[in-house]
Each structure stands twice: as structure tokens, then as C-alpha cells.
Amino acid sequence: MLIKSPADGFEHPVPSEITPQVIYHGRRRMLQQLATGVAGVGMASWAARDGLAQGAGWGARPGKLTALAAKATAVEGGTTSDKVTPYKDASSYNNFYEFGTDKADPAVNAHTLPISPWAVEVEGLVKKPAKFSLEDLLKLSPMEERIYRLRCVEGWSMVIPWVGYSLAELIKKVEPLGSAKYVEFVSLADPKTMPYVGSRVLDWPYLEGLRLDEARHPLTLLGFGMYGEVMPNQNGAPVRLVVPWKYGFKSGKSIVKIRFTEKLPATAWSKAAANEYGFYSNVNPQVDHPRWSQATERRIGEDGLFAKKRKTLMFNGYEAQVGQLYAGMDLKKFY
Ligand code: MTE
């Protein structure tokens, strides 16, 4: 999501889903095997991954999501013929500006992210505000694997098997009040461990927001892992959002606070350039970014630089599931 330096010539990503049967069944088997442990084992894999992150540095994979994946679910939407992006591409070509603005920076720098202990505070217009430890969150609902396409506003895309559960499960626990209309997501902003927090590239912390009905939509995922493994730091460990029908920047990483509000929340990118990055940011090939077209995308890891681009799909391929959320809205105005 390069505002000021289109120098790398790249565009951006967003999620979507697809589930070729072979992949689905293969993963399902794998996840069932992984699920033979219980919660304690799951946490052990987080501890093991700490060791890896500190000891082995970049290139180390964080380890299996042992007990986290109790159930795999194929998600309809998008196209079923999409290939899953290789893990190495999904974990080395990232946007995580707290760790640098180059796509390669997060994989190199994010080993300093302090993922344990971790807690997410849920506050604002809810009956039951609470601070959830990561352990609480891991146990809150059975994990599922969902293969979503991520389509970045910069014009690139990936297909990633995420592991997590619907954010709606957490929302149910805290019981939003009738006055709650929006949900704000606050990422960690720790200048001691995140070298670019404090830089002027964005206003920190990284903020994102959804309308309450979008946040409650079953496709909106609270993600703890990918490819059957613990989330790599550079992809937003230990817990992030994945909103597959919106441009990738709506999916905040390393979330520490979720706040229910009556007023539309400010977001990091709309604060930086409101005319370029709206609140809704639904993937929409018919509404161009002011500086480039959104009609096509380049699939990372699959297409060569000169390969034909793919056509971007309305709502990233999830129109059947989410289109009704925007019935009657002018999507050019609410971009
Ligand atoms: N979350 C935080 N906290 N900081 C960021 O810079 N970048 C966003 C989003 N979440 C970002 C963030 C953007 S622009 C994209 S495209 C996706 O994360 C990238 O997710 P990925 O690296 O897992 O593909």
C-alpha cells in the first residue's frame, strides 16, 4: 500500500477463497492429525516458535499449530481453480509498516515482535468488556482453515490458507450494545520493538475499522495461523484480522484492542490519504484508485512478471456472500 513510493512498481493484495478439493481434503487430514493434542500442546507450539524466532532468525518457520486446528472448513466463493500461494512468498512479501516499508522488511525485522504474553482488550459499547489473553482467545472457538484470496490495493494478490475462527464468535461473548455501529481495531505500536513506529510514514498505532455487520459476517476471520502453522510474525502474529472481500489493508495485524463505537472510526490509511483509502475499501474492479486501475491483479508467486494479469473480481469473488451488506449503497461514493 504504497502511498508515496510507487518505485517498486508493485501493487497490493487482498484475500479471497477457493478450495480445490485436493487441497481441502489434504489440509483437512493434516489438521485432524494436528488436532490430536489439546490446548496445552497448542501453547507449547507457541513457546517453541518463540525459541525459533529468537534463535534461528529469518527463514525459520514458527511451527505447527498443534491443537489449534480442530476442524477444517471449505469456504465458498472466488474461484475453485486458484492455486494456494507458496508459503515462502506469503511469508516474505509483506506489508507491515511497523517493520519497514519494503515488502522484504517485515520478514527480516519482525523477529523483534514480542508475541508472548499477549492480550486483546475489548472495550467500548459492549455489555461485557474484557481483556482476553492469547490463551483465552485460542480456546474461545474451534479453529478452522479457510483458504482466502488476499487482494492488495496495490494490485497484487495471494491465496492463503488461514487458520482461525469467525470474529463473530468473539463479538458474541462481549455482547455489543444497541448503540454500537462500528468496530475499531488497534494494532500494537511499540517503538522499542517495532523499528518504524515513530516514523512519519503513518500515524501510529495502525488503526482499522469495520461496520458492525461486516465485523459479524462469518467470513471475517480472527486469524492465529496460516498453512496449518502458527502465524509468522511478519504476517501479524499472534492474532490478526482477515477480511477477504476488502483490500488487504483492512486486515489489521498484531491486534491489541477492539473497540465498539457509535461513530465511524478513523483508520490509519484514511488519515494518511482520505481521497485514496476510504473506510469501506471493498475490492471493486469498477472503482479505480485515484492513481491506478483496480481492474486486474498480479498473483504473487504464480505469475511471472510478464504473465497476463488476472481480472479482479467484485468483492474479490465473495459477492454472493457479502453483496447484500451494501445493497442500495453507491460504491463509488463509499469507496
Ligand atoms: N497491519 C498493520 N498493523 N500494519 C500494516 O502495515 N498492512 C496491511 C495489512 N495489515 C499492515 C497491516 C496491508 S497494506 C496488507 S496488504 C496486509 O496487512 C498484508 O498482509 P500479509 O503480509 O499477511 O499478506
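In what order do the 5 strands of the open sheet stand, and what is their pairing? The 5 strands follow the order β2-β1-β10-β5-β6, with mixed pairing; strands are DSSP runs of E of at least two residues, helices are runs of H or I of at least four residues, and both are numbered from the N terminus. Two strands are taken to pair if DSSP finds at least two bridges between them. The model is predicted, so that local features need pLDDT of at least 70 and side-chain atom pairs count only at pLDDT 80 or more, whereas totals for chains, interfaces and linings use all residues. Residues are numbered from 1 along each chain as its sequence is written, and side-chain values use heavy atoms, with hydrogens and water left out.

Strand β5 (residues 182-187) runs antiparallel to β6 and is joined to it by 5 bridges, with Tyr-182 opposite Arg-211 in β6. Helix α6 (residues 167-174) lies across β1 (119-124), β2, β5 and β10 (255-261), at about 60° to β10. Axes are lines fitted to C-alpha atoms, for helices over the stretch in contact, and angles run from 0 to 180 degrees between N-to-C directions.

Strands β3 and β4 form a hairpin with 4 residues between them, and Gly-155 in the turn has a positive phi of about 105°. The two strands run antiparallel and are joined by 8 bridges; Tyr-148 has Ile-160 in β4 as its bridge partner.

Asn-282 is located in the loop between α8 (268-272) and β11 (296-299). This residue counts as buried because its relative accessibility is 7%. Leaving aside neighbours within four places in sequence, Asn-282 is in contact (heavy atoms within 4.5 Å) with Glu-214, Trp-245, Lys-246, Tyr-247, Phe-315 and Tyr-326.

Key:
Buried means under 20% relative accessible area, exposed over 50%, partly exposed in between (1.4 Å probe, protein chains only).
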